[in-house]
Amino acid sequence: MRVTHVITRLIVGGAQENTIASVRGLQEKPGLEVRLVAGTDTGPEGSLASHCGIPAESLILLPELVRPIHPWKDALAWRRLTKLFRAQRPDIVHTHSGKAGVLGRLAAHRAQVPVIIHTIHGPSFGSFQGPLANTLFRAAERRAGKTTTHFVAVADAMIKQYLAASIGQTGQYSKIFSGFALAPFLSATNDPALRARYGIGPEDFVVGKIARLFKLKGHADLFSVAPELVRRHPRIKFLLVGGGPWRNRFEQQAQALNLQRHFVFAGLVLPEEVPRLAGIMDLLVHLSLREGLPRALPQALAAARPVVAYDCDGANEVCLDNETGFLVQPGDLSGLQARVSLLAGDPDLRERLGRRGREFVRERFSVEKMVADLLNLYMKLAPRDNLSQS
């Protein structure tokens, strides 16, 4: 069976890590020939292209495939993808992310690919953007949806949103959690040397946040509650993991609040470094206003760290209120402050929530389970008599 995955870009991010792990895992399965097509567009989020572990002969880079709307490049990307699919004759094209999802599916349909799958990692439309952008992206998703054999969603919330937008039918959707390598998180420890490297003392209470330093990620809300949290818990530190164009803005904000000693900017780190950083956190907050199901939540839980999350998109499918952490309504700053303060003062509660979170994630988020679920879906959708001989 020949399978070609397509994603817009290979930056450091959840959708990219998911796609790379899927491709690498599927390449190990007998009878599969799996390729990955990606754009070369990067940015302050860094790139995974050079060290993603996918053999060079299986990785095809298309400079024309870019994230911003660009009519000329978009047309070229569609033509190149169509030509590529006609030459490769894949049994399945599996697309990821917004731009690659639309262009890749339309190109696969044009090239008469038998099975076209699209993974919804996060919403392309919603209250996080204006009506014009929503109209455009919803129309694009509906058009591409008509060519889609099956949708994979990382959370039930995504399925509900897309069905509500009249994209596809209920039977066309499957939920497959975004798996990752569990072992490094399960073995994560509160390493004093790593704490010291970031200026964090042994007795400091660390609130972690793993997200791009950009809009819609909720950093502004964390800064809003930080002064009162510092007043109540003088040894609190906020560890911000991730890069992005708003880093200078947030560093200046920390200085303006006279809290620069309490905010630690770890910067952009490679995925393999995240488990160690999760280990030195006491809890993780996730305040994004746009996310399918943030990988940071199950990753923190795998490290037995409780989470406090905005009840947005798929967060409530992992942050189970008073079971693996606490849910807060988006923008509820008093609720956010209260929950973080409660956990800061109750180590037994942190231990209980973290232990239950680890059990929950261990059962559902292994990369092996994700790859097995994808393979089962492929075998179900691809007619046996139409499969290419690999």
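Asn322 lies in the loop between β12 (307-310) and β13 (325-328). In this predicted model, Asn322 takes a positive phi of about 60° although it is not a glycine. Its relative accessibility is 40%, and Asn322 therefore counts as partly exposed, since that class lies between the 20% limit for buried residues and the 50% limit for exposed ones.

Gln112, in the loop between α3 (98-110) and β5, has a phi near 60°, a positive value in a residue other than glycine. With a relative accessibility of 71%, Gln112 counts as exposed. Ser166, which comes just after α5, also takes a positive phi, of about 60°.

From these loop positions the account can turn to the chain as a whole. The protein chain contains 14 helices and 13 strands. Its radius of gyration is 21 Å, close to the 21 Å that the globule rule gives for 390 residues, so the chain is as compact as a globular protein of that length. Buried residues account for 57% of the 390 residues. Of the contacts between residues at least 6 apart in sequence, 71% join residues at least 24 apart.

The accessible surface of the protein chain comes to about 16600 Å², and 51% of it belongs to carbon and sulfur atoms. There are 49 positive and 35 negative side chains, and the centres of the two sets lie 6 Å apart.

All six of the six residues of β1 (residues 2-7) are buried, so the strand is largely enclosed by the rest of the structure. In a regular strand the side chains alternate between the two faces of the sheet. In β1 both faces are covered: Arg2, Thr4 and Val6 are buried on one side, and Val3, His5 and Ile7 are buried on the other. The pairing of β1 with strand β2 (residues 33-39) is in the parallel sense and runs over six bridges. Within β2, Ala38 is the bridge partner of Ile7.

Gln299 is in helix α11 (residues 296-302). Leaving aside neighbours within four places in sequence, Gln299 is in contact with Glu17, Phe180, Phe185 and Val274. Its relative accessibility is 8%, so Gln299 counts as buried.

Helix α5 (residues 156-164) also has a buried part, formed by Ala157, Met158, Ile159 and Tyr162. The cover over these buried residues includes β5 (115-120), α4 (131-145), β6 (150-153) and β7 (173-175).

Loops, too, take part in contacts between separate parts of the sequence. Thr189 is in the loop between α6 (183-186) and α7 (192-197). Thr189 and Gly279 are 90 residues apart along the chain, yet their C-alpha atoms are separated by 4.8 Å. Apart from neighbours within four places in sequence, Thr189 is in contact with Arg276, Gly279, Ile280 and Arg305.

A further example is Trp246, in the loop between β9 (236-241) and α9 (247-256). Trp246 and Leu213 are 33 residues apart in sequence, and the distance between them in space is 5.2 Å, C-alpha to C-alpha. Not counting residues up to four places away in sequence, Trp246 touches Leu213, Phe214 and Lys215. Its relative accessible area is 22%, so Trp246 is partly exposed, the limit for a buried residue being under 20%.

Technical notes
Residues numbered from 1 in each chain as written. Predicted model: local features only at pLDDT ≥ 70, side-chain atom pairs only at ≥ 80, totals over all residues. Heavy atoms only, no water. Helix = DSSP H or I, 4+ residues; strand = E, 2+ residues; numbered from the N terminus. Rg over C-alpha atoms; globule rule 2.2 N^0.38 Å. Buried < 20%, exposed > 50% of the residue type's maximum accessible area, 1.4 Å probe, protein only. Contact = heavy atoms within 4.5 Å. Areas by Shrake-Rupley, 256 points an atom, 1.4 Å probe, with all protein chains shown as cover. Lys, Arg positive; Asp, Glu negative; His and termini not counted. Charge placed at Lys NZ, Arg CZ, Asp CG, Glu CD. Pairing = 2+ DSSP bridges.
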